[in-house]
Structures are given as structure tokens and as C-alpha cells.
Amino acid sequence: MATPDYFVETAPPPTRKPPIVQTGALGWLRANLFSSWWNSLLTVVSLLFLAWVLTSFFQWATQQANWAVITNNLHLFALGRYPQDQAWRPLVATAALLFLIGLTWRLWGRAAWGVVIAVIVAVGLVFLFPAVAENLPVPNTYFLIGGPSQEPLPALAYVAEAGETITLSLQPTDFTVPGPAGFMDTNSLTVYGLGRQNARAAQRAAERAIAAGEEVPPAPEPDLVATVAILDAAGEPLATLSAGPEAVPQSMAFTFPTTGWYMIAPEGAGTVGGWWLEISAVMPLATASTLVAEREARVGPPPQLQGQRVRVMDITLLGFQGLETFSDFIKLHLGPFSAALRDFLLLSVAVTAAGYGLGALIRRQRWARRAALIAWLVSPVAMFLLIRGLAGVPAAPVVELERWGGLLLTMILTVVGIAAAFPIGVLLALGRRSELPVVRIFCTLFIELVRGVPLVTVLFMASLLVPLLEPRLSGVDNVVRALFGITFFSAAYLAEIVRGGLQAIPYGQIEAARALGMPGWQITLLITLPQALRIVIPAIMGQFVSVFKDTSLVAIIGLIDLLGISRTVIQQAEYIGLQRESLLFISVIYFVLSYLMSWVSRRLERTGSGAARRM
Amino acid sequence: MTDSHNGRQFKDEPIIVCEKVNKWFGDFHVLKDVSVQIYPQEVVVIIGPSGSGKSTFIRCINRLEEHQEGTIIVDGMEMGRDIRNVAAIRREIGMVFQQFNLFPHLTALENITLAQRWVRRRPKEEAEARALQLLERVGIPEQANKYPLQLSGGQQQRVAIARALAMDPKIMLFDEPTSALDPEMIKEVLDVMKELARSGMTMLVVTHEMGFAREVADRVLFFDGGRIVETGTPEHFFTNPQHERTRLFLGQIL
């Protein structure tokens, strides 16, 4: 027999920390990734898979991808067909917006340290890469002399600075090894490919002969003599290098005496064999019209040569062939890209910080928040006028909406689509819950009709059908029609989201408000809507992210937004076939902006009474 | 059905007059011929089994429910279809709910000042001063800037009482104010209600707290099946109930 023990507590047990393996990084790993054999196996397999995918991508991105399409077309991506000399206007508008964002940020909250650190790192990188790239060597340029080609070799024209030194080198090749990696013209590439095919065929024939016991005919002796001459703009030779027929490489260095055009004229005498002309430290010239104009203003047009074709060593002639080394990647892509972004990034950070600073200064003033709200209400109109321009203002000529494209168009469609759709959506939601039958039926019909139709169709209707039905509206801009379509579409979805939130409010609160004597509209405005909207913030932000990406559908009505521009850019002669780079770039842009929206949403959820809720 | 029973005498006219009030929820007849008169400064406690219509009855008095037949006259104004009357009546009546029904997105202070500023149109400083005064009266001035979710049940209910009092009502309705509280907190709310009764507020309280009824009530109404079965002073009611149904009910709960 046992008696239960009765006791009175004398001293409570102490509160302690839990044992080590339950908490901290090790504990987390153990609990989440390695909690059982199966989980551990899955973790290992997933990590291996991830590593494989990431290394393959990284190798492609740094060794083979040609990112010049991005760096050289940033203006197109950002503004579409907006005239380049007026680009300062969207820039000023963006600066004003960023200033306002910085101000609002500080007036209503504060930036976490993580943000500051991220910004500092980004700015640091954008300065670091070009600086590093400056000190890295330019990849070599290769030109094939000889090989199975009957084409006469052209002379290569180049602009050199006084004192610049290059090294010319002739390397023999028997077409059995892969070609070198570096700048190369397509002709050399093709001919070398043919040469390699011939060499392989000869190899196989020889093997068959040996296998058949026949005698192998001896390979013909190489007899190609390669000569390279450096000529000045008038065609006078300044230096010559030759090699062959023996397979002994030759090289020479040359320093250019004055700034101007020079020609490198290769020649090959003979039929058997091949030589690679390696030119070191020569960067292909740009082809953008503004840069060409600058160049010609400085040193004049490219030279002509009697009896030989002259090709300018620019990016239409030379493309990078083979696998880049990491140094090449930084020199050719990362450096120039960072340099192109540097000014804009600095300006953005400075302007946002200025707004943030102003916010810090005035946040205690009573008028501060009201002033900020007024600024927000006024700024869309001001920005629109600035970007569009006003007739009669010579400093800001009108740029029709049709010319707005790229990221500018995407952002305008998104922001207007959201800002205008929000009040309409809330009104529709309230209307759908109204007790007046006419209002309720109209709102319900509108919501169901618009939600039942794909956005593509809505855009079509807005763009094509509306002017047909109502001739007076045919003068309205295509962009404005797209805005109407997107706004109404978004408003219908928002209405349903908000309605869900409204239904989530416990009825007791409404009764309490009624008991206090508050009329219906006050109850909606002060009690139901604030809580409902806060509840549905995640859904609303999801809708916004959706709208942001749905704007790409305006391609259907002939507008060129960010996605459209990415396809236009690769139709240019120099950038044909670079879809992967272009699409990847805009995917990153879409992702970064969408993630930014989600981040804002998460921070919004944590303010006010949401902070007390701790869900 | 007599109303006075050696109880307190009132010199003024009744402030609430209900005459043969009938209400249906669909087909269900929930209030049957309810007639009662409430005098100013009277504390009336309504008891009865669940489903007897007591909550429905007091909700009809401030039009949270609509009665289909009979008349309800509050402070001389008849309760009917006329919205202006309803709004005016609601301004005179404060209500405290079982589930507190505080506004979770506002602090306690903001809960109390909201209706003052928007319905009574008082300026912010005046509303806040009154709110702090009331918070002191209910005993929790230090919780002014907390959100309802950060307060205990008893504190929330006291904020709800302060919120109703802030509108300076003539009548206070209580719909089972302590039923959602655990025993430690019931006392603090009942203390506030007792203080309110002593200060002369007209109160109509639906509750199961018999101790409160005995101590503070001027009159007790017993509801069953949608009708008032018996009324009386607390002494009479609890020691010598007349109706059989009353005796049955009290026998089960006392």
C-alpha cells in the first residue's frame, strides 16, 4: 500500500536556460535538416542538387554569357523609346520619388541597420568592380591567317592613343586543338572550324589506311608564310612581323607614336598550314552612334586602303569566343556594368538619404505628416507632367505616351493601376455589402464580370473595342486605355479581397459602435475598414505584385514595357541570339522589385496594433 | 403584475416604458407581451434561464434588435422606424457586452475617446481628459495606452464600462457583463458596477450574479420563455419567491 505524498512548496525551482543542443545553429540544423535518417538523406541530396545547379549557372554566367547586351542598352531597358537627351526628366522625377520615399520612411518608422549595411555594401561593390576592372588585362584578339578559305584578308583599323603599346604575336596551328579564347571575328571562327573538320577527316582517313594495312601518304609540309604589317592612316608601314613556314612562333611589341587611326594588315602566302595572329591589349571599339560621333570628332573617320578592304575593329566585327576567365568576366562585363550603374545608384542613395534626413529633422513637428501626405498626393501629377512635358515649355518638350517604354512604362502602369484601383476596389467592396439593392447588384455584377474575363481580354476591349463603340474616345492614348483596363481589373480583385477582410470583423464591435450612437458610415470608416485592411495586407500586397507582373501583357496592345523591351533589344544586329541574358536581367529586376514589395508588406504588418497582436 | 413591493419609491416618471412588446426571430416567438416600467436611478436586475429572451429584451431597448409589436418609449421618445429617434435614444443609453467588444486596433484611451469625438463632437483634449477621469473611476488609469489585447478580461470590461460612461448616458444596459470572466476578475467589475449604482445611474443588468442582485438591485425581474414571470425586491425575491417557475429556477442555482 502506498500513500500519496502531500507537500507544501518551500522554494520555487530556478528558471534556467535550455540545454545547448536544443537551441542555436546546431540545434536548428539538428531539428530541421537532420532530424531523421530520411531527412538527412534528403538534405544531402538537395544540397548536392543545389550545388550542381548553382555551379552550372555560375559557370555559364561568368564564362560564356555576353552581358554587353545589358550594359550597352540600359537606357532602352529603363526608358524604352524615350529620347535620350530628355532622359534627365524621368531621372528628376525618380529622384523626387525617392526623396519622398526616404522622407516617408523616417516620418512613419525607421530603417533597420540591415538596410543601411546592404546599401553600403551595394555602393561599395559598384565602386570596387570598375576599379578592379581598370587594372585587369584586356583579353587578346585573335585573327586567323591561312586555313581553308579563299577570302582575301582585310586590314583591321584601330584607334590608338599616343604611347599605347601592343604586342603582335604569330602562333602556328595545325587545326588539331580547340581555338583560343578571346576576341575573334566570325570569319576566323568559321574558317578555323572548317580547318578542324578537315584535320579530323584526314586523321580518320589515316587511321583507316593504317587499319587496312595501306601506306599512309605523308602529310603535306606547311608552307604558309604569315606577315603582319602595322600601317598608319595613310597606309605607310611602320613595323612588320613575319613567321613561317617553320612552325616557330614570332612576336613583337609596338608603341604607337601619336593618337589616331592605325591599320593592322595581315597577309598569308602559301596554302598549307595556319597561323593565329594574337593582338594583345586591344579593346573592340564601340558602335553606339554617340560614341562613334565622339570618336570621329577626335580622330576623323576610319582610313581607306587601296587594294585591300578595311574593317574597323569594333564590336560588330569582334565577338568574344570561347570560355572567359574570371578576370575577363570582371574586365568585360562586371566592371562596365557597375560603372554604368554607379552614377544612378549614388544619386538614388543620396537622394533617399536626404529625404530620410529631412524626415528625421521634422518628424516631431505637427505639420510634418500632413505635409508629407499632401506631397504624396501632389507628386504623381507633378511627375507625370515632368515626364510627359508641356506644350509651349521649350525646356521640356512633349514626349507622347507612346514613346514611354521599358521599366518606365511598367512602373507607371503598376503604380497607377494600384493607386487608382485601391479606392475603387474599397468602394466596390462596401457597395457589394450595401443594403440598397441597386448599389449591391451593380457592384456585384461589375465585380463578377471583370473577374470572369482574362486580363488580356480586358486590355483588348479597352484598346480596340472602346473606340469602336464610342468614336469620341478614339483620341485617347493607348497607354491611357491600358491604364483603364488594368485599373478596373485590379479593382475587382481588390474588392473581393477587401470584402473578405470586412467579413472577418466580429459583429460585436459593430454592435458596440452602434450602441455608442455612431452612424453607419463612421463605423465603416473608423472601425471596420482600418481593421479589415490591416487583416488583408498580405492579400493586397500579393495582388499588387500580381499587377506588377501582369503589366507585361500590354504587349498585346502594342505597348513596349520591360518585357517587350527585352525582346526588342535582342533584335539589334550586335545582340542577336542573346535572349538568355536579356530575359535573365529583366527576371532579376522583376524579382528584386517584387521582393521589395513583399518586404514592405511584412513591415506594414508589424505596425500599430499588429505589433500587439503578434500573430 | 405589480411593480412596487415595499421597495424603493421613485418620484419621477418612468424613464423606460415597455408596453406589450412582442418579438419574433423568424417563426420563433422570443418576447411575449413584455410590459415593464423602469424609473430613473433604479437598478433593475434581470435573471432567468438561457434562451429566455432577457438579452433580446435589453437589446430591443437600444434598437440592436427590432421589436415587431408593442411600444418602447425611452426618455419620452418612442422607438420606431424613425432613425433620428433611434440615434437620439442611443445617445442616452450606454451598453456593456458580455464579450467586451472593445475596438482592438485602438488603445484603451482611444476606445473611450472615439465616440466622444465623432458622435458628441468633443475636442480631443476634452475627450481625453474625460477618458482619463473615467479610467480612474474604474480603477485602471495606468492602462490608458495599452491595446485591448494586452489587458486582462476584467480590465477590458472596465474599459468597456468607461467607454459607455464617456457618452454621459442616462441609462446603462449590461448584458451579462461578468459571464466571460474568471472568478478573480468578476469582483473587480462588480465593484465598478456597484459604485456606479451607488452614484445614482439607472441600470438594467442581465446577470447570473445573485450576490450582486441581492446587494445592489432595487428590483429583480425573472424572465422565462420570453415573458416576465415574476418581479420583486431582492429581499422578497430571494427569500420568498411566489411563482413556481421562479422557485424551480432559484432552487437550482442557489
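**Notebook: aromatic pairs and charges over rings**

I searched the whole structure, a predicted model, and found 26 aromatic pairs over all chains.

I looked up A:Tyr142 and A:Trp276, an edge-to-face pair with 6.2 Å centre to centre and 80 degrees between the planes. This pair links distant parts of the chain, 134 residues apart: A:Tyr142 is in strand S1 (residues 141–146) of chain A and A:Trp276 in strand S9 (residues 274–279) of chain A. I took strands as DSSP runs (E, at least two residues), numbered from the N terminus. A:Tyr142 and A:Trp276 are both buried; buried means under 20% relative accessible area, exposed over 50%, partly exposed in between (1.4 Å probe, protein chains only).

I then noted A:Phe183 and A:Phe320, edge-to-face at 5.7 Å centre to centre and 85 degrees between the planes. A:Phe183 lies in strand S4 (residues 182–185) of chain A and A:Phe320 in strand S11 (residues 318–321) of chain A, so the pair ties together parts 137 residues apart in sequence. A:Phe183 counts as buried because its relative accessibility is 6%; A:Phe320, at 21%, counts as partly exposed.

I recorded one aromatic cluster formed by A:Tyr142, A:Phe175, A:Tyr192 and A:Trp276.

I also checked charges over rings (NZ of Lys or CZ of Arg within 6 Å of the ring centre and within 35 degrees of the ring normal). A:Arg451 lies over the face of A:Tyr493, 5.8 Å from the ring centre. B:Arg163 lies over the face of B:Phe103, at 4.6 Å.

Residues are numbered from 1 along each chain as its sequence is written, and chains are lettered from A. Local features need pLDDT of at least 70 and side-chain atom pairs count only at pLDDT 80 or more, while side-chain values use heavy atoms, with hydrogens and water left out.

Technical notes. Rings of Phe, Tyr and Trp (its six-membered ring) pair if their centres lie within 6.5 Å; planes under 30 degrees apart count as stacked, over 60 as edge-to-face and the rest as tilted. Helices (H or I, at least four residues) and strands (E, at least two) are DSSP runs, numbered from the N terminus.
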